[in-house]
Amino acid sequence: MESARDKQPYVVGVDLGGTKILAGVFDAKLACVGRSRLSTKPHRGAASVIERIARSVRDAIDECDLDLRQVQAIGVGAPGSVNPEKGEIVFSPNLPGWENIPLQKALTKLLDRPVRVENDCNVCTLGVYHAELKAKPRHMVGIFLGTGVGGGLILDGKLFSGFNRTAGEIGHMVLEVGGAKCGCGNRGCFEALAGRAALFRRLASAVKDGRKTVLTDMLGPDLKNLRSGDLRKALKRGDKLVERIVEEAAEYTGIAVANVINLLNPEVVVLGGGLIQQLEEEMMAIIVETAQDYAMTGTWKGVEIVASELGDDAGITGAAVLAQGALA
Ligand SMILES: [Zn+2]
């Protein structure tokens, strides 16, 4: 006999990153019922990565004793420039050699299910909006601090992608003219000032200049295998260097949030990503205070600035929302 479980419209959300692929099976209420994790191994080339995505989808489905036939659609959040209409990855700095890769077509062929593809930060924003915010605001901005800094915009209840589908690139908003060099070629971008890679670079160069930090006791003089969690441990031990660098990153983030509030006046700005997940306690108060200082009088009233609780799950959850959209 067919059970209620068999009739559930399950979807799979995939978070494709430069180092790992996460997949989650979600029920109609966006509860995750099964998941999998696989390394990306981008050096093996696009075809291999696409096969690994398909494998991660199958693994997640197997994990919760379902069958691929019970899955209605698959959503994928991918890093870089994505054309969601064509389902193509146009270009991705995190996936070397990926140019105009027809990910949607290739995955549909491998899994025989409808597939939707979107930029990863847009997908995370969708995840936060649909799974986390109870009162659905009309306008929301998501800002994600990980290795780099990305963002996504919900305007009038819909994902806003702009003319060339590149809207939301908040990480490359210039906050300091002539500031630190950014991966995009510019200087002083938000990402070059407050992304994890930027923080780690600044710590490494401070250590080279002879500054003292407990991080060298923890990890050795070259700060090998430094992670966001180590920054939190160093802060708990009262490390002044780490404290100053994290404070600065939070201040820059607050200024970026103020710019966003001045420009778009959303009801909610949600901060997420690995860095916020690890350092929420240390960063959020400074972010909110700085944003209040810099936002224009009158734009600020009633605007909420909150940290996402979805953490690493924002990507798979948002990709599941994307997949649900494919069914509409
Ligand atoms: Zn940049």
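Over the ring of which residue does the charged end of Lys136 sit? I found that this ring belongs to Tyr129, with the charged end 5.7 Å from its centre. I applied the cut-offs for a charge over a ring: NZ of Lys or CZ of Arg within 6 Å of the ring centre and within 35 degrees of the ring normal.

I noted that the model is predicted, so that local features need pLDDT of at least 70 and side-chain atom pairs pLDDT 80 or more, while totals for chains, interfaces and linings use all residues. Residues are numbered from 1 along each chain as its sequence is written, and side-chain values use heavy atoms, without hydrogens and water.

I then looked up the backbone. Most residues other than glycine have a negative phi. Leu30, not a glycine, has a positive phi of about 65 degrees. I located Leu30 in the loop between β2 (20-26) and β3 (32-39), the strands being DSSP runs of E of at least two residues and helices runs of H or I of at least four, numbered from the N terminus. Asn225 also has a positive phi, near 60 degrees, and lies in the loop between α7 (214-219) and α8 (228-236).

Is each of these residues buried or exposed? I took buried as under 20% relative accessible area, exposed as over 50% and partly exposed as in between (1.4 Å probe, protein chains only). Leu30 is buried, at 17%, whereas Asn225 is exposed, at 60%.
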